[in-house]
Structure formats: C-alpha cells, structure tokens
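Work through the exercises below with the sequence and the structure in view. Each task is followed by a solution in steps.

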Amino acid sequence: VNLAALAVAYPLLAFATAGSLIADRKRRRLIDRVVQLWARMCLLGFFLCKPKLVGAEKLPPRNQAVIFCPNHCSFLDIFALSAVLPRPV
C-alpha cells in the first residue's frame with residue numbers, strides 16, 4: 001500500500017506542477033488538489049486512518065488570510081491539515 005501511494009501521488013504531482021506552471025502560476029490550484037489527495041492517500045494507506053474535520057463552520061471565509069498553527073504533537077499534523085482543510089495549506 002505504501003508504494004501504491006507513492007506511485008500514484010508523485011507522477012500526479014509532477015503533472016500538476018507542469019500544468020500549474022503553464023496555466024495557473026499564481027494560485028496553483030491543481031497542485032493543492034494533488035497535495036490534498038496525496039495526504040489523504042498517505043493517511044489511509046500508511047496509518048489506516050481517515051481524519052474528520054470538526055468545526056468547519058468556525059473557519060474564516062476562503063478569501064480571508066489565516067495562519068494555521070498546529071502544536072506538532074507528531075509528524076502527522078502536516079498530513080492531517082493537508083488532507084481535511086477546505087482551503088489550500
């Protein structure tokens with residue numbers, strides 16, 4: 001399962017990077033989607049967990065600047081934030 005996540009995510013990330021450099025240099029939306037997919041695949045494939053976002057209604061609107069500051073209890077914070085937040089990290 002670990003190799004499957006890598007085999008799928010890295011070619012997609014290379015394609016998304018190339019596509020974003022050509023078509024969407026400022027916002028990189030395609031890269032953000034691939035990173036979110038990669039984080040979800042890693043959490044599910046490596047750790048057999050599917051995080052759930054609680055309190056999404058308390059997040060500010062997408063057009064408002066925000067800083068997410070996890071406490072880094074483990075290295076999984078980056079995966080969890082990338083996987084579940086409804087905006088690019």
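**Exercise 1.** Leaving aside neighbours within four places in sequence, find which residues A16 is in contact with.

*Solution.* Contact means heavy atoms within 4.5 Å. With the neighbours within four places in sequence set aside, A16 is in contact with L30, I31 and V34. Next, locate A16: it belongs to helix α1, residues 2-23. Helices are DSSP runs of H or I with at least four residues, numbered from the N terminus. Then check accessibility, where buried means under 20% relative accessible area, exposed over 50%, and partly exposed in between, with a 1.4 Å probe and protein chains only. A16 has 0% relative accessibility, so A16 counts as buried. Last, take a distance: from C-alpha to C-alpha, A16 and V35 are 9.6 Å apart in space, and they are 19 residues apart in sequence.

The model is predicted: local features need pLDDT of at least 70 and side-chain atom pairs pLDDT 80 or more, while totals for chains, interfaces and linings use all residues. Residues are numbered from 1 along each chain as its sequence is written, and side-chain values use heavy atoms, without hydrogens and water.

**Exercise 2.** Count the aromatic pairs and classify what is found.

*Solution.* Rings of Phe, Tyr and Trp (its six-membered ring) pair if their centres lie within 6.5 Å; planes under 30 degrees apart are stacked, over 60 edge-to-face, and the rest tilted. The count is one pair. The ring centres of W38 and F79 are 5.2 Å apart and the planes stand at 40 degrees, so the pair is tilted. Because W38 lies in helix α2 and F79 in helix α3, the pair ties together parts 41 residues apart in sequence. W38 is partly exposed at 25% relative accessibility, whereas F79 is buried at 15%.

Technical notes
Helix = DSSP H or I, 4+ residues; strand = E, 2+ residues; numbered from the N terminus.
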